Amino acid sequence: SSRMSIYELISQESAKYPKPNITFSYGTAGFRDIGTVLVSTVFRMGLLAALRSKKCHGEAIGVMITASHNKEEDNGIKLVDPKGDMLHSSWETYCTLLANAQSEVDLISVLKSIANDENIDLDAQCNVLYACDTRPTSPLLVEVLERGLSLLCTNSTNFGVVTTPQLHYFVLCINTQNTTPYGIPTIEGYNTKIGNAYRAIVDSARTDLHIVTPIFVDCANGVGAKQMQLLSNYIGMKYIKALTYNDDTTTLNKLNVDCGADYVKTNQKPPPSLEIYPTRRCCSFDGDADRLVYYFIDNDNKFKLLDGDKIASLIALHFRDLLQSAGITKLNLGVVQTAYANGSSTKYMRNTLKLPVSITNTGVKYLHHVAQNYDIGVYFEANGHGSVLFSKEATETIKNTEPQSPAQKEALHKLCNFHDVINEAVGDAMSGLLLVEAILLSRQWTLENWDQMYSDMPNKLLKVKVANRNIFQTTNAEQTLVSPDGLQEIIDSIVCNYPNGRSFVRPSGTEDAVRVYAEASTANDTNELAYKVAKAVYEKGGGIGPAP
Ligand code: G16
């Protein structure tokens with residue numbers, strides 16, 4: 001039958017991309033590994049994306065080839081669902097089963113069982129959009145993805161080299177084309193939508209007192225460099241002076257090396273390539289431009305980091321004020337964070353801003369969905385990955401509220417434009433940058449003013465190499481270990497010696513390491529706490545290599 005022949009073709013083609021003898025696991029943001037090791041996985045995800053689209057009545061699915069903040073030789077795959085968010089968790093098991101099918105026979109049987117369980121007609125329509133970042137293995141992986149797609153997918157579009165959030169945006173645009181279009185699914189469409197909204201906010205905020213000051217953008221030598229240049233050229237120097245550096249995507253071994261958002265956040269220092277001095281305003285993207293952190297040095301040459309938590313706080317404050325000025329009381333505004341959120345930020349938002357804060361597992365895929373419980377949901381990971389979501393009710397209220405005064409009219413107008421500056425599909429460094437810049441201009445705030453919202457608890461992030469990170473299992477939004485046995489009790493006994501101490505341990509879902517987070521009242525205590533916990537992890541959790 002024709003059904004047999006499709007499976008035969010898949011089987012034949014798949015034999016060209018044999019599965020290496022390792023177990024792949026679907027992590028925090030999809031599969032990640034050394035790029036060349038992922039060939040079979042990417043081929044198979046082409047098949048999976050086609051199935052997912054067929055299941056979703058032919059709506060577009062996105063596939064992004066990237067390993068984001070990871071080292072250059074790594075690569076990965078992020079799958080995007082029809083609404084522009086990450087692949088629904090119920091399909092992660094299928095991904096894992098497909099990626100790990102050892103033989104062609106196994107592969108076909110997994111495909112058949114997915115089609116059967118999900119009631120998928122293999123002849124149904126489908127549409128897959130794909131893109132990649134600047135990694136050396138990306139072209140190879142795009143090619144095998146296309147081989148996979150060609151077997152099951154009638155309709156697909158290569159968006160070339162774009163940022164991860166741009167691809168998410170394209171998916172959302174294409175799937176809303178016939179209803180309420182989110183935007184135009186091209187780079188120009190993206191720049192126009194968020195750029196025009198940004199300009200409108202700056203126009204309404206501009207006073208004689210304020211001039212646009214330059215912002216130095218560290219692009220991690222990744223895909224964000226070119227895209228940021230295109231965006232800021234579109235917006236124009238009168239409105240934004242974004243000076244990109246670390247924008248070399250052609251020289252090997254530069255991506256994310258001593259630069260980028262992850263480097264700055266983890267090391268709590270600026271990239272050495274940047275000449276930094278007081279009054280210079282700086283920010284960093286990561287390798288695929290879905291993370292953003294700001295920083296500066298103060299007059300005492302002290303490094304000040306404005307991370308995802310400070311960005312969330314700034315947005316929450318500004319939206320709270322705008323809703324108030326607009327006379328809107330019926331919309332609930334809330335914030336979503338992870339265990340990595342600095343304790344001071346959570347306190348500030350709960351106690352000073354009086355906003356609800358939810359804590360969830362690490363991974364945008366979790367935060368995004370919790371944020372949907374609010375009318376306006378601000379979600380940010382401390383590492384700078386986040387966005388703002390508006391419910392249907394929020395969108396309509398903002399659009400339809402009759403202003404009772406010129407001030408209310410102005411606030412409503414601003415809320416509309418802020419809504420359009422934001423990429424609601426996923427966290428987006430470029431859109432985030434415009435959002436932050438627009439808020440700072442509106443409030444006439446310097447980075448110092450922003451920093452003074454609250455002062456961070458001293459904090460430290462460490463990585464411990466272990467033989468098998470899968471033995472680390474957590475509960476309580478990843479703040480408590482349930483395995484290895486007895487380790488949590490040891491951590492508790494260490495933590496209780498430090499005033500305001502907090503520490504937790506979880507396996508990374510993007511790197512082969514266990515992460516240790518610590519915060520306490522003083523920098524010394526924090527360091528000591530972090531290293532003691534890391535040592536316990538090393539000793540009780542099968543540490544390998546040099547001890548921490
Ligand atoms: C990905 C996820 C983020 C997560 C980060 C680190 O970021 O999208 O939500 O915070 O990994 O995850 P883990 O601690 O599990 O390694 P990116 O920028 O690498 O895609």
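1. How many salt bridges are there between domain 1 and domain 2? The count is two, a salt bridge being a side-chain nitrogen of Lys or Arg within 4 Å of a carboxyl oxygen of Asp or Glu. The side chains of K78 and D288 form a salt bridge, with 2.9 Å from N to O.

2. On the basis of the work: this is a predicted model, in which local features need pLDDT of at least 70 and side-chain atom pairs count only at pLDDT 80 or more, while totals for chains, interfaces and linings use all residues. Residues are numbered from 1 along each chain as its sequence is written, and side-chain values use heavy atoms, with hydrogens and water left out.

3. On the domains: the protein is divided into domain 1 (2-161), domain 2 (194-306), domain 3 (308-425) and domain 4 (459-540), with bounds from an automatic or database domain assignment. Between the C-alpha centres of domain 1 and domain 2 there are 33 Å.

4. On the interface: 11 residues of domain 1 are in contact (heavy atoms within 4.5 Å) with 17 residues of domain 2. About 1000 Å² is buried between these domains, and carbon and sulfur atoms give 48% of that area. Buried area here is the accessible area (1.4 Å probe) that two parts lose on being put together, summed over both. Of the area that domain 1 buries against domain 2, H69, E72 and T134 supply 55%, more than any other three residues.

5. On ligand distances: an oxygen atom of the ligand is 2.5 Å from an N or O atom in the side chain of H69. For the side chain of E381 the corresponding distance is 2.5 Å.

Conventions
A polar contact is a pair of N or O atoms within 3.5 Å; within protein, one must be able to donate a hydrogen and the other to accept it, and residues adjacent in sequence count only if both atoms are side-chain atoms.
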